[in-house]
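Hi,

Here is the structure I promised to pass on to you. My notes on what I found in it follow below.

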Amino acid sequence: MDWYPLYNSLRIAAISTAAVFFLGIWAAYYTARAPRAVKGLLDAVLTLPLVLPPTVVGYLLLLALGPRRPVGAWVLERFSVRLTMTWWSGIFATAVVIFPLMYRTARGAFESFDETLAQAGQTLGLSNRFIFWRIRMPACRQGILAGTVLAFARALGEYGATSMICGYTPGRTATVSTTVYQLWRTGEDGLALRWVLVNLAISAAVLLAVNLLERREREGRRSRWR
């Protein structure tokens, strides 16, 4: 059994999750502090990939990153690097798809933060950077960690956008999801089932981790109210 699809899926999921971790936190923090009218517009734009079909996301990425499209053609001409049909193309696809999960989870955590803690820090002369990293982030860590785990799990199972922008090449661009489809299409149901079981095991572990984080967050809230 060739384990390349699992390795490729894990590295794509890890890199895209690391990227949206910081981007999602940054967007969530400033969106939560924006005026209501602006917040509504930003929230709609940033959440859009969550409601779009993954194949539509993949198609839009192809329009931008294809070798004959504006961004893709410029990168190919300037750096001789293709942005589609390579393993790292999956990073673009999964990052766009999972960004709303990280963003909305982090925004919810920031909106539930007790602002009096930040105000108390300001009265003590603490900088905004110190307050963010040493007060706000620790207080919101359970929600942010839950969003990170969910984003990673979604990236690991992404198929629609990934298949359009990466394609399927064994040993080069294959992921777990695209491999399951290809094995089913060629009638190799036994191998397809093995990959399905691998995906199920990883997904179950991720869901258990999310439930554990949510339970700790609830217990932490109860302890603060006592």
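Before the rest, a word on the source. This is a predicted model, where local features need pLDDT of at least 70, side-chain atom pairs count only at pLDDT 80 or more, and totals for chains, interfaces and linings use all residues. Residues are numbered from 1 along each chain as its sequence is written, and side-chain values use heavy atoms, with hydrogens and water left out.

The overall picture

The chain has 11 helices and zero strands (helices are DSSP runs of H or I with at least four residues, strands runs of E with at least two, both numbered from the N terminus). Its C-alpha atoms fill a box of roughly 65 × 40 × 30 Å along the principal axes. Of the 226 residues, 39% count as buried. Among contacts with a separation of 6 or more, 70% join residues 24 or more positions apart (a contact means heavy atoms within 4.5 Å).

Back to Ile144

Ile144 sits in helix 8, residues 141-157. Setting aside residues up to four places away in sequence, Ile144 touches Phe21, Ile25, Met102, Ala106, Phe110 and Met137. Arg104 is 40 residues from Ile144 along the chain, with 9.6 Å between their C-alpha atoms.

Helix 3

Helix 3 covers residues 54-65, and its 12 residues should span 16 Å at 1.5 Å a residue; the end C-alpha atoms are 16 Å apart, which agrees (the expected span is 1.5 Å times one less than the number of residues). Which residues of helix 3 are buried? They are Val57, Gly58, Leu61 and Leu65. These residues lie on the same side of helix 3, because they cover an arc of only 100° around the axis (the arc is that of the directions from the helix axis to the C-beta atoms). The cover over the buried residues of helix 3 includes helix 2 (36-51), helix 4 (70-79), helix 5 (89-111) and helix 9.

The loop between helix 9 and helix 10

Thr173 is found between helix 9 (160-166) and helix 10 (176-185), and Thr173 is buried, with a relative accessible area of 3%. Beyond residues up to four places away in sequence, Thr173 touches Tyr4, Asn8, Met85, Thr86, Trp87, Cys166, Gly167 and Tyr168.

Ala174 lies in the loop between helix 9 and helix 10 and counts as buried at 2% relative accessibility. Leaving aside neighbours within four places in sequence, Ala174 is in contact with Tyr4, Pro5, Asn8, Tyr168, Thr169 and Thr179. Ala174 and Tyr7 are 167 residues apart in sequence, yet their C-alpha atoms are 9.6 Å apart in space.

Empty space

Rolling a probe the size of a water molecule over the atoms shows where empty space is left. On a 1 Å grid over the protein atoms alone, a cavity is a set of points where a 1.4 Å probe fits but cannot get out, while a pocket is an open set with protein on both sides within 12 Å along at least five of seven lines; lining residues have an atom within 4 Å of a point. Grid points are joined across faces, edges and corners, and a volume is the space filled by probe spheres set on the points.

The structure holds one cavity of 30 Å³ or more. The largest cavity has a volume of about 50 Å³, and its lining consists of Ser9, Ile12, Thr94, Ala155, Leu156, Glu158, Thr162 and Thr175.

Two or more lining residues each come from helix 1 (4-32) and helix 7 (128-139), and helix 1 gives the most, with five.

Finally, Arg215 is found in helix 11, residues 189-225, and is partly exposed, with a relative accessible area of 46%.

Best wishes

Technical notes:
Buried means under 20% relative accessible area, exposed over 50%, partly exposed in between (1.4 Å probe, protein chains only).
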